[in-house]
Amino acid sequence: MDTSASLASYHNSGQAKLRRNHLDNAFLAGLDWDQMPPSKDFKEMIAHISTFDDNSISPLCLAARASTSDNPTFTQAMNGPDADGFRDAMNTEMGTLDGMESWIIVRRTYDINILGLTWLFKVKHFPKGTINKLKALLCVRGDQEIDRVDMFNTYALDVSFSTVRLILILSIFLGWATAQINYTAAFINASVDEEVYEEMPRGYCKEGHMLKLQRSLYGLKQSPRNFFKPLLEKLNQ
């Protein structure tokens, strides 16, 4: 089977993603644009990922896969080549949380449930593969929460994407104005009703102390519900 026919057969098979193991045969290596399968959506998808001046595409542009280097552990991040960048990202995250009064520092006691905190790191890339930014997110160990102690109600409303598409279609036919809202550190905008205590963040420890949460950090099981309250208030206004 020739290259174009093979690609067309694979694309029409209904699989959602081109897997790395399929690219082992390098079907796309040196393939000219005119030899692409006759699928407009497929061509647009390729063009969005990576195109070159000579209108050819590289087989590596579809070989993206999450790697451990893109999501390092704390130890890997602090001892890797991007350690300074990750420390800056951690300082930015801590500055955001401190600025929003997400917690108060209290003396540590041992007669309550103290939840752990964990750092999540992410390397974000430009489409060409170069590093865009380094991100650090401080999350609560929600798996350590005790029902009826650290949390009570966790149910939160969610929206179906089919509903979003329906509203967008209606807005086009009826001439409605649409707007997009982007919440920075969305869950942090919501307060915490329960008394929730956390360990000091790794890298920012203060011996003999812990954190009493004032805001809904990512990872808390009740954070989505807590965030829905101020969101509903703003929408009603």
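These are my notebook entries on a predicted model of one protein chain.

**Entry 1: ground rules**

I number residues from 1 along each chain as its sequence is written, and for side-chain values I use heavy atoms, with hydrogens and water left out.

**Entry 2: the chain as a whole**

I looked up the secondary structure and found 6 helices and 6 strands in the protein chain; helices (H or I, at least four residues) and strands (E, at least two) are DSSP runs, numbered from the N terminus. Read from the N terminus on, the elements run α-α-α-α-β-β-β-β-α-β-β-α.

I then checked burial, where buried means under 20% relative accessible area, exposed over 50%, and partly exposed in between (1.4 Å probe, protein chains only). Of the 237 residues of the protein chain, 31% count as buried. The accessible surface of the protein chain comes to about 15,700 Å², and 52% of that belongs to carbon and sulfur atoms; such areas come from the Shrake-Rupley method with a 1.4 Å probe, and for residues only the protein chains shown count as cover.

For contacts I use heavy atoms within 4.5 Å. Among contacts in the protein chain between residues at least 6 apart in sequence, 69% join residues at least 24 apart.

I count two strands as paired if DSSP finds at least two bridges between them. On that basis I found an open sheet of 4 strands in the order β1-β6-β5-β2, with mixed pairing. Its edge strands are β1 (103-107) and β2 (114-115), each of which pairs on one side only.

Next, β5 and β6 run antiparallel with 2 bridges, and tyrosine 197 stands opposite lysine 212 in β6. Finally, β2 and strand β5 (residues 197-198) run parallel, again with 2 bridges, and here isoleucine 114 stands opposite tyrosine 197 in β5.

I asked myself why β6 is largely enclosed by the rest of the structure. The reason I recorded is that 4 of the 5 residues of β6 are buried, so the rest of the structure largely encloses this strand.

I also looked at isoleucine 104, which lies in strand β1 and counts as partly exposed at 39% relative accessibility. Isoleucine 104 and lysine 212 are 108 residues apart in sequence, yet their C-alpha atoms are 5.3 Å apart in space. Not counting residues up to four places away in sequence, isoleucine 104 touches Met210, Leu211, Lys212 and Gln214.

**Entry 3: the hairpin of β3 and β4**

I found that β3 and β4 pair in the antiparallel sense over 9 bridges and form a hairpin with 5 residues between them, where glycine 129 in the turn has a positive phi of about 105 degrees.

Isoleucine 131 belongs to strand β4 (residues 131-140) and is partly exposed, with a relative accessible area of 42%. Leaving aside neighbours within four places in sequence, isoleucine 131 is in contact with Asp82, Val123, Lys124, His125 and Phe126.

**Entry 4: the nonpolar core**

By a nonpolar core I mean a set of buried Ala, Val, Leu, Ile, Met, Phe, Trp, Tyr and Cys residues joined through side-chain atoms within 4.5 Å. The largest one has 26 residues, and those with the most contacts inside it are Trp103, Trp119 and Phe121. The elements that give two or more residues to this core are α3 (74-79), α4 (83-99), β3 (117-125), β4 and β6 (209-213), with the largest share, 5 residues, coming from α4.

I followed up phenylalanine 121, which stands opposite alanine 136 in β4. Beyond four places away in sequence, phenylalanine 121 touches residues including Asp70, Phe74, Met78, Phe86, Met90 and Ala136.

**Entry 5: a surface residue**

Last, I looked up leucine 174, which is found in helix α5 (residues 161-174) and is exposed, with a relative accessible area of 51%.

Notes
Predicted model: local features only at pLDDT ≥ 70, side-chain atom pairs only at ≥ 80, totals over all residues.
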